[in-house]
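I opened this structure for the first time today. These are my notes on what I looked up.

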Amino acid sequence: MALVLTLVALFPGFVQAQSAPAAAAAPAEVLAKDMREEIVRIPVTVKDMFGRQETRNVAITIFRPPGEGPFPLLVFNHGRAVTAKRAQQGRNRPDVAARYFTAKGFVVLAPTRIGYWETYGDFDPETTGSTCSGMQVEGMSMAASDQVLATVEFAKTLPYIDASRWVVAGQSVGGLTTVSTVGRAPAGLIAGINFAGGTGGDPDNKPGNPCRPQAIESYWGSLAKQAKVPMLWMYWQNDKFWGPDVPKTWHKAWLAGGGKADYVAFGPSGEDGHNGLNADMDHWLPVTDEFLSRLGFTKPGIVSRPPASGFADINDVAKVPVNAASQANYQRFLGLALPRAFAVSDRGGWGSSTGDYAVGRAIGNCQRFGASCKLYAVDNDVVWTGK
């Protein structure tokens, strides 16, 4: 209660998730118990490119590692859906990536910026103008970055966070937000991670040909003069928003302006590499892990594939240490395509996944309800040892 009173004093608009009004027909949301997921809201004041100023409540999703800390902070920023889909864009909840970052020892705060989810409607501080040829990026970048800095100020009120050491990260417009924040050189910031950052893309009508890429090139080049911390930039070859070459010009401008950033170009991922954050974890995880290790964050965060144990045949459903109902789910798992993974909990529960980073996703799907989980099977091998 004392913490809530303190937050109300520092942030008069602060409310706990439980007291926020819910949509009339919205089903109850299941939060990730293993990361102590919660939602808070703080008031933030921003301006749009026309000078209109508004104060709205920004919802922040919190993910925490085990223990009481204090832990270093990572602020993770979401992207921006194309106009036709933005009204349906929900809460910023990067739970799969957050499991990696919390395993590394970070508290992850993921703000849902003004103009999205609950605050979608009459005020959009991230508008860039009405035409592609006249797109302006400075105003929307600063409005988004202001919300990052407000999130960090809020983090300073939480006893389990050490806000003197924080990392900013994000995907798409969240990556642009990340670059803009690094360019402002705020206190305590130690690094930035940019997943496919930019703005102005039109993947349906102009794939790989974004609006005014030179605007970002010029703007980021100027921001780099004040940047002080190292960055990691990751882009995918078949990104339908920017294409394979435009981001390289942005990176070149950043370096020319004095910024520091490793640039990693991954090969194609799925139908649109712009979604590489979610669909290509097998590639970006080791790159990010190496980057964070250079900064001193060496705690293991990637779920690795155990060797085959010989405990049982992969098709022996009766040996799976779960209840009878869950054994039926294992039977369905056996029909999944490779790569695949199946995890079991100490409470008789389970979780499975197929595709990219199947081992980590299976553990996450199992643990999110608060249980402790281990891998039972990966691909065609049983890896469970019985312990």
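I began with helix α3 (residues 138-155) and α4, which pack at an angle of about 75° with their axes 9 Å apart. That makes α3 roughly perpendicular to α4, a label for angles of 65 to 115 degrees. Axes here are lines fitted to C-alpha atoms, for helices over the stretch in contact, and angles run from 0 to 180 degrees between N-to-C directions. From α3 the contact takes M140, S141, M142, A144, S145, V148 and L149. From α4 it takes V173, L176, T177, S180 and T181. Contact means heavy atoms within 4.5 Å. I sorted the contact residues into seven nonpolar, five polar and no charged. Ala, Val, Leu, Ile, Met, Phe, Trp, Tyr, Cys and Pro count as nonpolar, Asp, Glu, Lys and Arg as charged, and the others, Gly among them, as polar.

**Ground rules.** The model is predicted, so I note that local features need pLDDT of at least 70, side-chain atom pairs count only at pLDDT 80 or more, and totals for chains, interfaces and linings use all residues. Residues are numbered from 1 along each chain as its sequence is written, and side-chain values use heavy atoms, with hydrogens and water left out. Helices (H or I, at least four residues) and strands (E, at least two) are DSSP runs, numbered from the N terminus.

**A glycine in α4.** I looked up G175, which is found in helix α4. Is G175 buried or exposed? G175 is buried, with a relative accessible area of 0%. Buried means under 20% relative accessible area, exposed over 50%, partly exposed in between (1.4 Å probe, protein chains only). Leaving out residues up to four places away in sequence, G175 touches G170, N194 and G197.

**Helix α6.** Next I took α6 (residues 246-256), whose buried residues are V246, P247, W250, H251, A253 and W254. They cover an arc of only 160° around the axis, which puts them on the same side of α6. The arc is that of the directions from the helix axis to the C-beta atoms. Exposed K252 and A256 sit on the face turned away from the buried side. The cover over the buried residues includes α4 (173-183), α5 (213-223), β8 (230-236) and β9 (260-266). Just after α6, G258 takes a positive phi of about 110°.

**An open sheet.** Last, I traced four strands in the order β11-β10-β12-β13, with antiparallel pairing. Two strands pair if DSSP finds at least two bridges between them. β11 (350-354) and β13 (381-382) stand at the edges, each with a single partner strand.

Note on methods
Angles under 35 degrees count as roughly parallel, over 145 as roughly antiparallel, 65 to 115 as roughly perpendicular and the rest as oblique.
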